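I opened my notebook for a friendly walk through a structure that is new to both of us. Here is what I wanted to look up, entry by entry.

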Amino acid sequence: PNGKGVTEVFYMLEGHGMLGDSDGAKHFFGPGDMVIIPKGHTGRWDVNGPIHKVWAVNAHDHIEESGPIIRAQVDHYKDFAPHCLSDTSANDPLYGNTGSVSSASNTFYDVGPTKVGVWTCEPGSFEVAYGERQWFHVVEGTMFVTDGSDGTSKRCVAGDTVMLPAGWSGYVDVVESVKKVFTVAK
């Protein structure tokens, strides 16, 4: 069989299913889970009813996984709990230094040009000088993202999905503690 032509990342809103790898390993997913299907993956989908998901696709040149089997990956919502995250305020993987604003994250997939994880931040504001191309889905909280070039602002609340272009700069204002899942694509 032909391998998947892109890396696909999705966050499950509703429904359940399973992704199987070519050797028969099974990865079950449901609401709140983050699923990564790397470029080159050959396996099968089993969906146990209607599903609702938000997803991002990273179309990159090469298969970045190594080894004879390219595995799908499922990260469960329980792994997004505070005790599973590391303080990243001084070196935030998405925004650099958030200054005095407390942030924490866990990057659970970082292969080639694709990085996937969960990010949390306490209320506060900070500037972003140069951002990477980023897709995110807000799971909890409220934040504003303000474009530094034209001053337009986007209110982001639980359920919103946002795409920031490479080189984006501006301000992030967290109004209520935020938890979001993210993908950075180079």
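**Entry: before starting**

I reminded myself that this is a predicted model.

I began with the strand order and read it as 6-1-4-7, an open sheet of four strands with antiparallel pairing. I then asked which strands stand at the edges. They are strand 6 (52-58) and strand 7 (73-75), and each of them pairs on one side only. I also noted the twist, which averages 20° from one strand to the next.

Next I looked at one pairing inside this sheet. Strand 1, residues 7-14, runs antiparallel to strand 4, residues 34-37, and four bridges join the two.

A background reminder to myself: strands in a sheet pair through hydrogen bonds of the backbone, in either a parallel or an antiparallel way.

I found an open sheet with the order 3-2-5, and its three strands pair in the antiparallel sense. Strand 3 (26-29) and strand 5 (43-47) each have a single partner strand, so one side of each has no neighbour in the sheet. Here the twist averages 15° from one strand to the next.

How many bridges hold strand 2 and strand 5 together? I counted five between strand 2 (residues 17-21) and strand 5, in the antiparallel sense. Along this pairing, Met18 stands opposite Asp46 of strand 5.

**Entry: strands 8, 9 and 10**

I moved on along the chain. Strand 8 (residues 86-87) pairs with strand 9 (residues 103-111) over two bridges, antiparallel. Strand 9 also pairs with strand 10, again antiparallel, over eight bridges.

I stopped at Ser86, which sits in strand 8. Its bridge partner in strand 9 is Ser105. Leaving aside neighbours within four places in sequence, Ser86 is in contact with Ser103, Ala104 and Ser105. Is Ser86 buried, exposed or partly exposed? I put Ser86 down as partly exposed, because its relative accessible area is 44%. I also compared positions with Val57, which is 29 residues from Ser86 along the chain; their C-alpha atoms are separated by 26 Å.

**Entry: the nonpolar cores**

I looked for the largest nonpolar core and found 20 residues in it. Those with the most contacts inside this core are Tyr95, Trp119, Phe126, Phe136, Met143 and Val172. Which elements give two or more residues to the core? They are strand 10 (114-121), strand 11 (124-128), strand 12 (134-147), strand 14 (161-164) and strand 15 (170-185). Strand 15 gives the most, with five residues.

Apart from neighbours within four places in sequence, the contacts of Met143 include Tyr95, Phe136, Cys156, Val172 and Val178. Lys180 is among the contacts of Met143 too. I then noted a second, separate core of 16 residues, which includes Leu85, Phe108, Tyr109 and Val118.

**Entry: aromatic rings**

I searched the whole structure for aromatic pairs and got seven. One of them joins Tyr77 and Phe80, an edge-to-face pair at 5.4 Å centre to centre with 70° between the planes. Why do I list Tyr77 as partly exposed? Because its relative accessibility is 31%. Phe80 has 0% relative accessibility, so I list Phe80 as buried.

Phe80 pairs with Phe108 as well: the ring centres are 5.8 Å apart and the planes lie at 0°, so this pair is stacked. The pair links distant parts of the chain, since Phe80 is in the loop between strand 7 and strand 8 and Phe108 is in strand 9, 28 residues apart. Phe108 is buried, like Phe80.

I also wrote down an aromatic cluster made of Phe10, Phe29 and Trp45.

**Entry: charges over rings**

Where does Lys53 lie? I found Lys53 over the face of Phe10, 4.2 Å from the ring centre. The charged end of Lys180 sits over the ring of Phe136, at 3.7 Å from its centre.

Methods: Residues numbered from 1 in each chain as written. Predicted model: local features only at pLDDT ≥ 70, side-chain atom pairs only at ≥ 80, totals over all residues. Heavy atoms only, no water. Pairing = 2+ DSSP bridges. Axes fitted to C-alpha atoms, helices over the stretch in contact; angles between N-to-C directions. Core = buried A, V, L, I, M, F, W, Y, C linked by side-chain atoms within 4.5 Å. Buried < 20%, exposed > 50% of the residue type's maximum accessible area, 1.4 Å probe, protein only. Contact = heavy atoms within 4.5 Å. Phe/Tyr/Trp six-rings, centres within 6.5 Å; stacked < 30°, edge-to-face > 60°. Lys NZ or Arg CZ within 6 Å of the ring centre and 35° of its normal.
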